[in-house]
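Here's a quick briefing to read alongside the sequence and the 3D view. Take a look at the chain before going on to the notes.

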Amino acid sequence: ATNMDSTIIGATTPAAGTFTALTATGTTTITTLDANGGNIDGTIIGATTAAAGTFTDLVATNMDSTIIGATTPAAGTFTALTATGTTTITTLDANGGNIDGTIIGATTAAAGTFTDLVATNMDST
C-alpha cells in the first residue's frame, strides 16, 4: 500500500470511493449520510436546522422547559411524571396511589362511587 498523506481525492473531478475505515478530523461536511450502525456521541442533532426524528427508544437526561406536544398533541408514556403549578388533565384514569389534600368537585360537583368512605367532618346542605 502507498502512503497518501496530504493527498486530496477528487479535488478536480469528484468520484466515489470505498473505504474499510474512514477517519476525519476537523470539520467534515457529509451531504447525505446513511449510518446503519455505531454511535453518534456528544453531538447536537438539529442545532442549526431542526428536523423530525424517529426513535425506537428516547432517553433524555434533562428536558427542562420542554413542552411535549406543544404544536401537535401526541401520546406519551412515562415511568414517573411530576407536574408543578396548575395542571389540567382532561381525562384521568388513576389505578393506584393517593389523592392527598385535594378538594374533589370544588368547582363542579359530580357523583362519586366509593367502596369505603371515611370522613372527619361531613356537612349536609
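The notes below cover the overall form, the surface and two single residues.

Keep in mind that this is a predicted model. The protein chain comes to 0 helices and 0 strands. With a radius of gyration of 28 Å, well over the 14 Å that the globule rule gives for 125 residues, the chain is more spread out than a compact globule.

**Overall form**
- Along the principal axes, the C-alpha atoms of the protein chain fill a box of roughly 95 × 25 × 20 Å.
- Of the 125 residues in the protein chain, buried ones make up 0%.

**Surface**
- Met4, Ile9, Phe19 and Leu22 make a nonpolar surface patch of about 470 Å².
- Leu22, one of the patch residues, counts as exposed because its relative accessibility is 68%, and the cut-off for exposed is over 50%.

**A backbone detail**
- Ser6 has a phi near 60 degrees, which is a positive value in a residue other than glycine.
- Ser6 also counts as exposed, at 80% relative accessibility.

Conventions
Residues are numbered from 1 along each chain as its sequence is written. This is a predicted model: local features need pLDDT of at least 70, side-chain atom pairs count only at pLDDT 80 or more; totals for chains, interfaces and linings use all residues. Side-chain values use heavy atoms; hydrogens and water are left out. Patches are made of residues with over 30% relative accessible area and no salt bridge: like charges are joined within 9 Å, nonpolar side chains (Val, Leu, Ile, Met, Phe, Trp, Tyr) within 5 Å. Accessible areas come from the Shrake-Rupley method with a 1.4 Å probe; for residues, only the protein chains shown count as cover. A salt bridge is a side-chain nitrogen of Lys or Arg within 4 Å of a carboxyl oxygen of Asp or Glu. Buried means under 20% relative accessible area, exposed over 50%, partly exposed in between (1.4 Å probe, protein chains only). Helices (H or I, at least four residues) and strands (E, at least two) are DSSP runs, numbered from the N terminus. The radius of gyration is taken over C-alpha atoms; the globule rule is 2.2 Å times the number of residues to the power 0.38.
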